[in-house]
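Subject: Structure handover

Hi,

Here is the structure you asked about. My notes on its side-chain contacts follow below.

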Amino acid sequence: DEERLAVAHAFPMNPGWRVLLTDIGLQPANVLRRAMLPDDLFAREKAVLNTDEYFRLWRGVEEESGDPLVPLRLGSAISVEAFDPPIFAALCSPNLNTALARLSQYKRLIMPMRLHLEIGPDVTSLSLEWLDSSIEPPTSLISTELVFFVQLGRIATRSELRAREVQTPQLPPRANEYHEYFGVPLSEGPRPKLVFDAADAAQPLLTANEKMWEVFEPELRRRLSELSHEASAADRVRAALLELLPSGAASMESVAKRLGASTRTLQRRLKQEGQSYQ
């Protein structure tokens, strides 16, 4: 059980880290040493990290930079050269709602995190949950993730996208400068959370490219299947719904087809877990 848990919480290391760290003036080798991680981690072809190692990497960034505003520096340095395939795929989306839905499904391929997305008539809300809640995440990581989703929208729309609400479990140092970035003051809440106005979340992305998404999707689905072979039926249904809902497809038949199962098999598996499709 412990071995399966470790595998389920491992994910590939993005080589784009070297680009991002260098762009903000940090030496990748120094960061790795502070994090007590292998010196050749970024050069390995199939390097993977678990949650503890990933959090240590972030603490290495904190210590090496010595800058409480490093999340804002990372946000301004984000470029397509440092993006993973799931993020490229999100940029291909027609609007921010669809991009966030795709990231909700595939975020686990690049980070030990689950995204919870709610698309309503007035607002779109995105909250962050770590897969391993037994380890406290670095404050800079939480702040960087919140900055990242806003910056992704700005890159894709070429507009000064603003959040309507930003929550975090612990306010970062110099919170007023984050206020300036997001356009609203940060407030404390149980989970990191971003809220966008519905009109902003539905705004067309200038990077939309459905043909490119069709190229990315099969490989992303294959990688997620490998990573999620131990996932529960309920988790897999939730992930499928997050991908299907923006297009208006929410029937059990649609989800079963997406998961490669019959509706009867899907119902049985959910029942075995004490869950229902509703």
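Arg114 and Glu129 meet in a salt bridge, 3.7 Å from N to O. This is a predicted model. The pair links distant parts of the chain: Arg114 sits in strand S3 (residues 113-119) and Glu129 in strand S4, 15 residues apart. Arg114 is partly exposed at 29% relative accessible area. Glu129 is partly exposed too, at 24%.

Glu129 also meets Arg191 in a salt bridge, at 3.5 Å, N to O. Arg191 counts as partly exposed, at 33% relative accessibility.

Salt bridges with shared partners also join Arg34, Glu63 and Glu64 into one network. The count for the model comes to 13 salt bridges. One of them is Glu64 with Arg34, whose closest N and O atoms are 2.5 Å apart. Glu64 lies in helix H4 and Arg34 in helix H3 (residues 28-34), so this pair ties together parts 30 residues apart in sequence. Both ends are partly exposed: Glu64 at 22%, Arg34 at 42%.

Now the rings. The whole structure holds eight aromatic pairs. Among them are Phe55 and Trp130, with centres 5.4 Å apart and planes at 90°, so the pair is edge-to-face. Phe55 is in helix H4 (residues 51-65) and Trp130 in strand S4 (residues 123-130), so the contact ties together parts 75 residues apart in sequence. Phe55 is buried at 0% relative accessibility. Trp130 is buried as well, at 10%.

Which geometry do Phe88 and Phe216 adopt, stacked or edge-to-face? Their planes are at 5° and their centres 6.3 Å apart, so the pair is stacked. Phe88 belongs to helix H6 (residues 85-91) and Phe216 to helix H11, 128 residues apart. Phe88 is partly exposed at 29%. Phe216 counts as buried, at 19% relative accessibility, because the buried class means under 20%.

Helix H11 (residues 210-227) also holds Val215. Val215 is exposed, with a relative accessible area of 59%.

- Trp17, Phe42, Tyr54 and Trp58 form one aromatic cluster.
- Arg102 lies over the face of Trp213, 3.7 Å from the ring centre.
- Arg154 has its charged end over the ring of Tyr181, at 4.4 Å from the centre.

Best wishes

Terms used: Residues numbered from 1 in each chain as written. Predicted model: local features only at pLDDT ≥ 70, side-chain atom pairs only at ≥ 80, totals over all residues. Heavy atoms only, no water. Helix = DSSP H or I, 4+ residues; strand = E, 2+ residues; numbered from the N terminus. Buried < 20%, exposed > 50% of the residue type's maximum accessible area, 1.4 Å probe, protein only. Phe/Tyr/Trp six-rings, centres within 6.5 Å; stacked < 30°, edge-to-face > 60°. Lys NZ or Arg CZ within 6 Å of the ring centre and 35° of its normal. Salt bridge = Lys/Arg side-chain N within 4 Å of Asp/Glu carboxyl O.
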